[in-house]
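Thanks for coming. I will go through one model today, starting with a loop and ending with a helix.

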Amino acid sequence: MALISVFRLFFYMTLFGFRVFGGCVEAASDGSFCTRYFRDGKWITKGNCEGGTTIDDAVANLRKLAAEEEKVVSTCPGVTCLRAWKNWNGKRYYFSTEGASWLNAQENCRSVQANLVTIDDDTENSYVHSNTIPNNTWIGLSDRVTERSFEWIDGTPLSYTNWNEPSNEPNDSMGGEDCVEIWSFVTWNDINCNDTRQYVCEKDHE
Ligand SMILES: [Ca+2]
Ligand SMILES: [Ca+2]
Ligand SMILES: [Ca+2]
């Protein structure tokens, strides 16, 4: 029986330990499900895609594979997929390879029960920076609600900042900069929220 994709194929692949790995759940035309994953350069199908496999079984397969790969399975809009998370200092971090506006980036983080990253101190700033260079990257700080009153998206009180002082950031250039990026040279800048940047999600361990 031909395999059809009911879910939009929305899998994430990452270079992790020199291996590209990704996964998703697909639906067969008879309504059963199977797990598909990408490892060592090829797609592999696990489970019965031609009858008998429930979506719960397929998701369980993905979770098992994810555990083997030290990754977690998350639910994305309309599809179950796999994203690569890194563990650091008691939290989990997702470093996107795709770009998005600040709001869409936060929406993507929310879809996997996370928020854009909150940076609490120099140590965390260094960790985020070391994983995002050479790209400028969204963090979860903005003054979208009240100009000049920067707030973390997860409600954490603002105690640490790392603004780029030589260019007088945050400068709200042209009156239109309300979202914050970490620059490739480690300091922060406010910029237009509609610009496209890679982003970092952070969440607690599950
Ligand atoms: Ca944090
Ligand atoms: Ca502003
Ligand atoms: Ca600026």
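Pro170 sits in the loop between β11 and β12. Strands here are DSSP runs of E with at least two residues, helices are runs of H or I with at least four, and both are numbered from the N terminus. Before going on, the conventions: this is a predicted model, in which local features need pLDDT of at least 70 and side-chain atom pairs count only at pLDDT 80 or more, while totals for chains, interfaces and linings use all residues. Residues are numbered from 1 along each chain as its sequence is written, and chains are lettered from A and ligands numbered from 1 in the order in which they are written.

Back to the loop. The peptide bond from Glu169 to Pro170 is cis, with omega near 0°. Most peptide bonds are trans, and most residues other than glycine have a negative phi. Asn168, in the loop between β11 and β12, has a positive phi of about 55° and is not a glycine. Met174 lies in that loop between β11 and β12, and its phi is positive too, near 60°.

Are these residues buried or exposed? The criterion is a count of other C-beta atoms, placed from the backbone, within 10 Å of the residue's own: 20 or more is buried, 12 or fewer is exposed, and in between is partly exposed. Asn168 is exposed because it has 9 such neighbours, and Met174 is exposed because it has 7. Asn171, in the loop between β11 and β12, has 13 and is therefore partly exposed.

Pro134 belongs to the loop between α3 (122-132) and β10.

That brings me to α3 itself. Which residues of α3 are buried? They are Asn125, Val128 and Thr132. Down the axis of α3, these fall within an arc of 70°, taken over the directions from the helix axis to the C-beta atoms, so they line one face of the helix. Asp122, Thr123 and Ser130 are exposed on the other side of α3. The cover over the buried residues of α3 includes β8, β10, β12 and β14.

One residue of β8 (91-95) is Phe95. Phe95 is partly exposed because 19 other C-beta atoms lie within 10 Å. Its contacts, meaning C-beta atoms placed from the backbone and within 7 Å, are Asn131, Thr132 and Val200, leaving out residues up to four places away in sequence. The C-alpha atoms of Phe95 and Val128 are 8.6 Å apart, at a sequence separation of 33 residues.

Last, the cores. A nonpolar core is a set of buried Ala, Val, Leu, Ile, Met, Phe, Trp, Tyr and Cys residues joined through C-beta atoms within 7 Å. The largest has 26 residues, and Leu116, Val117, Trp138, Ile139, Val200 and Cys201 touch the most other members. Elements that give it two or more residues include α2 (102-110), β10 (137-146) and β14 (198-204). Leu116, neighbours within four places aside, is in contact with residues including Ala105, Cys109, Trp138, Ile153 and Val200. Apart from this core lies another, of six residues, among them Cys24, Val25, Phe33 and Ala58.

Methods: Two residues are in contact if their C-beta atoms, placed from the backbone, lie within 7 Å.
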